[in-house]
Amino acid sequence: NLYWEREGAFTGEISTAMIAEAGAEYVILGHSERRTLFGETDASVNRKVAAACAADLKPIVCIGETLDQRERDETFDVLDRQINQGLDGLTSAQVVQIVVAYEPVWAIGTGRHATPAQAAEAHGHIRKRLQNWFGADAAGLCRVIYGGSVKPDNIGALVSQPDVDGALVGGASLEVKAFF
């Protein structure tokens, strides 16, 4: 995570300079836990993404719907809003440098995960929106990964889907040898 201001009296926040000085290259922004527990909005995620890009950090921008939103058939509307508002003002060149992580909220820490077909559908939609808003080249070069209860027994089926460029592994990453 990071804070969008370069410096100032923002106790408890982490500046891009501090992150870069620590040697980090990537920052995870807009994770559902940050959105639900700390009130982050698409607008605040957008400010953080812009700050990360300006500091030559690579943002991993998390997007995804809740179970209620999925059950109301609002998945694509939620993804569209989060992409549109979260990446607002970015150039195609900046979009190439980011990673979009589709993390359905209903699959995070629940043991449930999107089926390969659900992941393919969501990732295809995300890629299409990136193409519409930032061009075919940017959409093709932007990495779109899946996150949400990724484990050794499901990672292969998920990442083999079209438009799924990799995985953002949470708690299961504590046993890294299980993935080999």
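Here are a few questions and answers on the salt bridges of this predicted model.

Q: How many salt bridges does a search of the whole structure find?
A: Side chains of opposite charge can pair when their charged atoms come close. To count here, a Lys or Arg side-chain nitrogen has to lie within 4 Å of a carboxyl oxygen of Asp or Glu. Searching the whole structure for such pairs gives a total of eleven.

Q: Which residue forms a salt bridge with Arg47?
A: Look at the closest N and O atoms, which sit 3.7 Å apart, and the cut-off is within 4 Å. The pair links distant parts of the chain, 42 residues apart, with Arg47 in helix α3 (residues 42–54) and its partner in the segment before α1 (16–21). That partner is Glu5.

Q: Is Glu5 buried, partly exposed or exposed?
A: Buried means under 20% relative accessible area and exposed means over 50%, with partly exposed in between. Glu5 comes out at 32% relative accessibility, so the label is partly exposed.

Q: What is the N to O distance in the salt bridge of Glu40 and Lys48?
A: Both of these residues, Glu40 and Lys48, are buried. Their side chains meet in a salt bridge, and the N to O distance is 2.5 Å.

Q: Why does Glu65 count as buried?
A: Glu65 is the salt-bridge partner of Arg70, with the closest N and O atoms 2.8 Å apart. The buried class takes residues under 20% relative accessible area. Glu65 counts as buried because its relative accessibility is 0%.

Conventions: Residues numbered from 1 in each chain as written. Predicted model: local features only at pLDDT ≥ 70, side-chain atom pairs only at ≥ 80, totals over all residues. Heavy atoms only, no water. Helix = DSSP H or I, 4+ residues; strand = E, 2+ residues; numbered from the N terminus. Buried < 20%, exposed > 50% of the residue type's maximum accessible area, 1.4 Å probe, protein only.
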